[in-house]
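Open your viewer and get ready for a short walk through the model.

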Amino acid sequence: MNGKNTKVVIVGAGNVGAAAAFSIVQQGLCDEVVLIDQNKEKAEGEALDLRHSIFFMSRNVRVRAGNYRDCEDADIAVITASAPMDPNSDDRLKMLEMSERIMESIVGSIMENHFSGILLVVSNPVDIMTYYAWKLSGLPKNQVIGSGTALDTARMAGSVAELFEVDARSVDIYVIGEHGDSETVCWNSAAVGGKNLIDVMQDNSQRTGAMTPEELRKATVQAGWEVFHRKGNTSFGIAASVTSIVKAILFDENRIYPVTVYLEGEYGLRDVYISVPTIINRTGAKEIVEIKLTEEEQRNLEVSVNIVKSYYKGL
């Protein structure tokens with residue numbers, strides 16, 4: 001970390017924003033966390049509750065409710081506020097119109113206060129909203145990142161780990177593309193303990209049974225909805241994902257995560273924000289990692305990109 005005090009502003013004090021704030025405070029990642037919400041009482045309540053937890057933490061992080069003026073010297077602004085999810089729908093794209101208006105208001109307010117840090121977009125539909133936030137902000141492309149498929153990747157790794165009874169951190173796999181139905185998996189490079197995942201599945205058919213790679217992918221797509229339909233929201237998983245990205249930025253880790261970034265020729269794609277493995281450090285998206293895809297994986301990624309880009313005209 002650099003020598004100056006570090007500040008993370010979280011816009012949206014709902015389930016995701018509050019959980020992310022708690023996770024960041026618990027790990028002591030910065031000097032100050034500021035919560036901003038249209039419901040000021042909610043932001044004040046969450047900040048107060050978080051301050052009551054500091055006694056039990058490893059570091060005395062300052063936590064308070066604030067306003068958009070706090071963005072001027074913030075290192076990272078995390079946008080979690082978005083339109084409410086429809087409990088009767090499994091389509092994140094239906095949130096687009098309302099989320100668009102919310103994003104316009106938030107990014108406009110952030111940039112009016114001379115923000116020059118890293119903008120981390122979590123609001124769904126995240127790939128489209130990240131592109132829109134970049135257009136609205138005028139910030140360099142490396143300074144606008146979406147949470148993308150980092151959580152989807154963790155879910156996939158967890159499913160594979162359960163299948164073969166190993167630690168999820170021993171599974172090397174990436175889910176890329178849209179954070180949604182069209183996301184695809186880099187099966188060609190996926191491995192468990194250095195061994196190609198497809199080979200592992202074939203060599204351990206007694207464990208995998210009838211499970212196929214496509215069924216694993218579909219289960220990953222549905223995982224978030226499984227949580228949402230049971231508890232009404234998803235918060236802990238995405239909060240942990242956000243915290244890891246925040247840590248990679250503040251601690252200049254050069255850590256690789258699949259996040260939503262702007263492509264200018266990588267993977268043969270241009271003018272699109274989509275989730276691919278990216279080196280993350282204090283500059284934001286330092287460098288995009290181009291994994292060698294099979295022809296089928298490339299086609300799947302292009303399908304995903306075309307779906308996302310089809311919504312750009314309406315922004």
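Buried here means under 20% relative accessible area. Keep that cut-off in mind for the first stop, and remember that this is a predicted model.

**First stop: Thr 149.** Select Thr 149, in the loop between strand S6 (144–146) and helix H5 (150–164). Its relative accessible area is 0%, so Thr 149 counts as buried. Now show what surrounds this residue: leaving aside residues up to four places away in sequence, Thr 149 touches Val 175, Ile 176, Gly 177, Glu 178, His 179, Glu 183, Pro 258 and Ser 275.

**Second stop: a sheet.** Next, select strands S7, S10 and S11, which form an open sheet in the order S7-S10-S11 with antiparallel pairing. S7 (171–172) and S11 (195–196) are the edge strands, each with a single partner, so one side of each has no neighbour in the sheet. Zoom in on S7 and S10 (residues 191–192): two bridges join these antiparallel strands, and Val 171 stands opposite Val 192 of S10.

**Last stop: a helix pair.** Finish with helix H1 (residues 15–26) and helix H9 (residues 236–250), which pack at an angle of about 50° with their axes 8 Å apart. H1 and H9 are therefore oblique to each other, and the crossing is right-handed. Show side chains for Val 16, Ala 19, Ala 20, Ser 23 and Ile 24 of H1, then Ile 238, Ala 239, Val 242, Thr 243 and Val 246 of H9: these residues make the contact. Colour them by type to see eight nonpolar, two polar and no charged residues.

Conventions
Residues are numbered from 1 along each chain as its sequence is written. This is a predicted model: local features need pLDDT of at least 70, side-chain atom pairs count only at pLDDT 80 or more; totals for chains, interfaces and linings use all residues. Side-chain values use heavy atoms; hydrogens and water are left out. Axes are lines fitted to C-alpha atoms, for helices over the stretch in contact, and angles run from 0 to 180 degrees between N-to-C directions. Helices (H or I, at least four residues) and strands (E, at least two) are DSSP runs, numbered from the N terminus. Angles under 35 degrees count as roughly parallel, over 145 as roughly antiparallel, 65 to 115 as roughly perpendicular and the rest as oblique. A crossing is left-handed if the near helix is turned anticlockwise from the far one by less than a right angle, and right-handed if clockwise. Contact means heavy atoms within 4.5 Å. Ala, Val, Leu, Ile, Met, Phe, Trp, Tyr, Cys and Pro count as nonpolar, Asp, Glu, Lys and Arg as charged, and the others, Gly among them, as polar. Two strands pair if DSSP finds at least two bridges between them. Buried means under 20% relative accessible area, exposed over 50%, partly exposed in between (1.4 Å probe, protein chains only).
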